[in-house]
Amino acid sequence: MAKRMLIYRLLLVGILSGRLSYSQVLEVNSQQRYSRSVVNMDDLLKMEDDLVSNLENYTDVLIQKAKIIRWGIHQMKEMQGDSPYINYSLIRHMHADWLMWLEYLEKPLGLEQLGYLQSLNAIMPQVDDFMDAADGVIRMQGTYQLLASDIANGLLDGMKYNSSLVAIDCQELGRDLINQHYLATAEKWILAGIEAYDRTNPQLEMQLQGVQIGRIFFGYWDK
């Protein structure tokens, strides 16, 4: 219990100190609001599929480069045998081949995939989309008098759904509610996040890394 309360306090301090003011995230822009349209949500799901495929293509490029490097390592090990030409071969190799390898290793990979990702950045969900989606969850919670922990576990109005919210989902809702000064409700979502953290969930690490990557490279929640 003491450990859980410590985690709770650390989460609360992090939330209070790590988020911009509510007014800063309500800047008006002309982008479509994904959560306000079923059609837009379908487009978003399609975009997610495309992004996953793009990432798979990127891994294929990396795998191919790794195969070429392994082939090169094998060739260099084979060259290290006894030979009357070993002096010449070794000097030529170290004079020329390693320069080739340096150029090859320095060559950027995945530029096409990176360009595709960058091209979608402008139409990816932004802070206002998150605010819309979070507001929808909170409105549903208030309308049906649901517990944050039940929603996080996929239990809605007595019916269990095959979906749940991971810890970072609950934490971000807590952040949003604190910025709106709904501290009591925010506390319940933070506690729900701690419970979600305790659940066995192989997606948790990926979710947490995704948020950190988003903040570093795309500025999610910080616009």
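## The main core

The largest nonpolar core of this predicted model holds 17 residues. Ile138, Cys170, Leu173, Leu177, Trp189 and Ala192 have the most contacts inside this core. A nonpolar core is a set of buried Ala, Val, Leu, Ile, Met, Phe, Trp, Tyr and Cys residues joined through side-chain atoms within 4.5 Å. Buried means under 20% relative accessible area, exposed means over 50%, and partly exposed lies in between (1.4 Å probe, protein chains only).

At least two core residues come from each of H5, helix H6 (148-152), helix H7 (167-179) and helix H8 (183-198). H5 gives the largest share, five residues. Helices are DSSP runs of H or I, at least four residues long, numbered from the N terminus. In soluble globular proteins, nonpolar side chains tend to be buried together.

Which residues does cysteine 170 contact, leaving aside its neighbours within four places in sequence? They are Ala152, Leu165, Trp189, Ala192 and Gly193. Contact means heavy atoms within 4.5 Å.

## Around helix H5

Glutamine 126 sits in the loop between helix H4 (111-120) and helix H5 (127-144). Glutamine 126 is buried, at 12% relative accessible area. Its side chain reaches the backbone oxygen of methionine 124 at 2.9 Å.

Methionine 131 is part of helix H5. With a relative accessible area of 7%, methionine 131 is buried. Methionine 131 and aspartate 176 are 45 residues apart in sequence, yet 7.7 Å apart in space, C-alpha to C-alpha.

## One aromatic pair

How many aromatic pairs does a search of the whole structure find? The search finds one. Tryptophan 101 and tyrosine 104 form this pair, which is edge-to-face, with 5.9 Å centre to centre and 80° between the planes. Rings of Phe, Tyr and Trp (its six-membered ring) pair if their centres lie within 6.5 Å; planes under 30 degrees apart are stacked, over 60 edge-to-face, and the rest tilted.

The two residues are three apart in helix H3 (residues 86-106), so about one helical turn separates tryptophan 101 and tyrosine 104. Tryptophan 101 is buried at 9% relative accessibility, whereas tyrosine 104 is partly exposed at 24%. Lysine 65 lies over the face of tyrosine 104, at 5.0 Å from the ring centre. A charge sits over a ring if NZ of Lys or CZ of Arg is within 6 Å of the ring centre and within 35 degrees of the ring normal.

## How to read the values

Residues are numbered from 1 along each chain as its sequence is written, and side-chain values use heavy atoms, leaving out hydrogens and water. In this predicted model, local features need pLDDT of at least 70 and side-chain atom pairs count only at pLDDT 80 or more, while totals for chains, interfaces and linings use all residues.

Definitions and conventions
Polar contact = N/O pair within 3.5 Å; in protein donor to acceptor, adjacent residues only side chain to side chain.
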